[in-house]
There are 2 protein chains.
Amino acid sequence: MADTHAGIAGKLRARQAGEVETLDLENCPVRTVIGQIGGKWSPLVLQLLSERPYRFGELRRLVPDISQRMITQTLRDLERDGYVDRTVYPTKPPSVDYRLTDLGRSMFVSYSVLLEWAHANADAVKASRRRFDSEAA
Amino acid sequence: MADTHAGIAGKLRARQAGEVETLDLENCPVRTVIGQIGGKWSPLVLQLLSERPYRFGELRRLVPDISQRMITQTLRDLERDGYVDRTVYPTKPPSVDYRLTDLGRSMFVSYSVLLEWAHANADAVKASRRRFDSEAA
DNA sequence: CCGTATCCTGGTCGATACTG
DNA sequence: CAGTATCGACCAGGATACGG
C-alpha cells in the first residue's frame, strides 16, 4: 500500500522494530491531489465554478492577469482529474461552459475548509513572516 | 480589501453593474497560505509534527529521499509563517526539536480535512486521469 | 548533530502569434 | 468565441561540499 501520509509514525515504529518498510513518494495520494488543486490558478477557478457554471470567456475576464494559456491549461487539468466537466455547444461562434462534477464538488467541500482558514488567518501568517524577517537582521 | 477569493461572483455582478472593482492577486490570502503548505514536503512534515515533536535528524530519516537542504528549508519556512516552533538545546552535540505552534495546529485541523479527502479519493482522480489520457489518442 | 553555501537542472508560467 | 503553438524567463528543488 502506497500511502505516504497514513500512519507515518507507525512506520517509524515498525522500522525501529527491525522491519523494512519504505514510503512510496512516487505514488502518493496527497501529491496527486494537492499538486493540481494547489496550483497558482486552480483555487480561484474552483471557487468560481463552485458558485455556478461559467463560460470560458467569463472565467478569463473574471480572473485578472491570467493568460489565455493558463486559463486553458488550468481548466484542462481540472477536467483531466475529474473535477470539472466541459460542455461544448456547437453554436456559431462556439460556446463552451465549465461546471464542477460531483467529484469536484465533493473535493471543494473539503478544500473550502482550508480556504476559509486561509482567509481568517492570512494576517497572522503575514505578521509572523514580517517578524521573522526583521529578526533575521 | 484585498480578498481575491471572497465573493468573486459578487464582484462580477458589481462589474456588470458598472462598478470598477479589481481583484488583488498580489496580496491574496489563499496564495499566502497555500503557497507554503502546498509545497512538495510541507504536508509530510506537518503531518509528522501533528503527531508529536520531532528532532531534526528524526524528520530527515523519516522522510525518505528528502535532501538536507530541503528539510532545512521546509522547516525554516514553516517556522517563518508561524506554524512551527524551533527549540535548540545547547547540548553537545547540539540537539534541535520542532513542534507545531497553536497556529500550526489550528491550520492543520483544516488542512487535514483536505488531506483525508485526498487519501479517500486519489484513486478516483488517477482513474479519471488515465481515462482522459487514453481518450486523447 | 545540525546546519549553510554554491551550483545546476527541469518544470512552471507568461508573452506573443496564429487557427477553426 | 475558444482555443493551440512556440519560445524564453524564472525559480523550486536536487547534488555536492563545507562549517559550528
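## Terms and basis

Axes are lines fitted to C-alpha atoms, for helices over the stretch in contact, and angles run from 0 to 180 degrees between N-to-C directions. Helices (H or I, at least four residues) and strands (E, at least two) are DSSP runs numbered from the N terminus.

This is a predicted model, in which local features need pLDDT of at least 70 and side-chain atom pairs count only at pLDDT 80 or more, while totals for chains, interfaces and linings use all residues. Residues are numbered from 1 along each chain as its sequence is written, chains are lettered from A and ligands numbered from 1 in the order in which they are written, and side-chain values use heavy atoms, with hydrogens and water left out.

## Helix 3 and helix 6 of chain A

In chain A, helix 3 (residues 42-51) packs on helix 6 (residues 102-135) at an angle of about 120°, and the two axes are 11 Å apart. Helix 3 of chain A is therefore oblique to helix 6 of chain A, where angles under 35 degrees count as roughly parallel, over 145 as roughly antiparallel, 65 to 115 as roughly perpendicular and the rest as oblique.

To the contact (heavy atoms within 4.5 Å), helix 3 of chain A brings A:Pro43, A:Leu46, A:Gln47 and A:Ser50, and helix 6 of chain A brings A:Met107, A:Phe108, A:Tyr111 and A:Leu115. By class, these residues are six nonpolar, two polar and no charged; Ala, Val, Leu, Ile, Met, Phe, Trp, Tyr, Cys and Pro count as nonpolar, Asp, Glu, Lys and Arg as charged, and the others, Gly among them, as polar.

## Helix 3 and helix 5 of chain B

In chain B, the axes of helix 3 (residues 42-51) and helix 5 come within 10 Å and cross at roughly 70°, so helix 3 of chain B is roughly perpendicular to helix 5 of chain B. B:Ser42, B:Val45, B:Leu46 and B:Leu49 of helix 3 meet B:Ile71, B:Thr74, B:Leu75 and B:Leu78 of helix 5 in this contact, whose residues divide into six nonpolar, two polar and no charged.

## Surface near DNA strand D

DNA strand D is surrounded by 18 residues (near means a heavy atom within 4 Å), of which the closest are A:Arg55, A:Gln68, A:Arg86, A:Tyr98 and B:Lys40. Sugar and phosphate make up 60% of the atoms of DNA strand D that come within 4 Å of the protein.

Phosphate oxygens of DNA strand D take part in polar contacts (pairs of N or O atoms within 3.5 Å): one lies 2.5 Å from a polar side-chain atom of A:Arg86, and one lies 2.9 Å from an N or O atom in the side chain of A:Arg55. From chain B, a polar side-chain atom of B:Trp41 lies 3.1 Å from a phosphate oxygen of DNA strand D. Helix 5 of chain A gives the most to this surface, with four residues.

Sugar or phosphate supplies 61% of the atoms of DNA strand C within 4 Å of the protein, and bases supply the rest.

Notes
A polar contact is a pair of N or O atoms within 3.5 Å; within protein, one must be able to donate a hydrogen and the other to accept it, and residues adjacent in sequence count only if both atoms are side-chain atoms.
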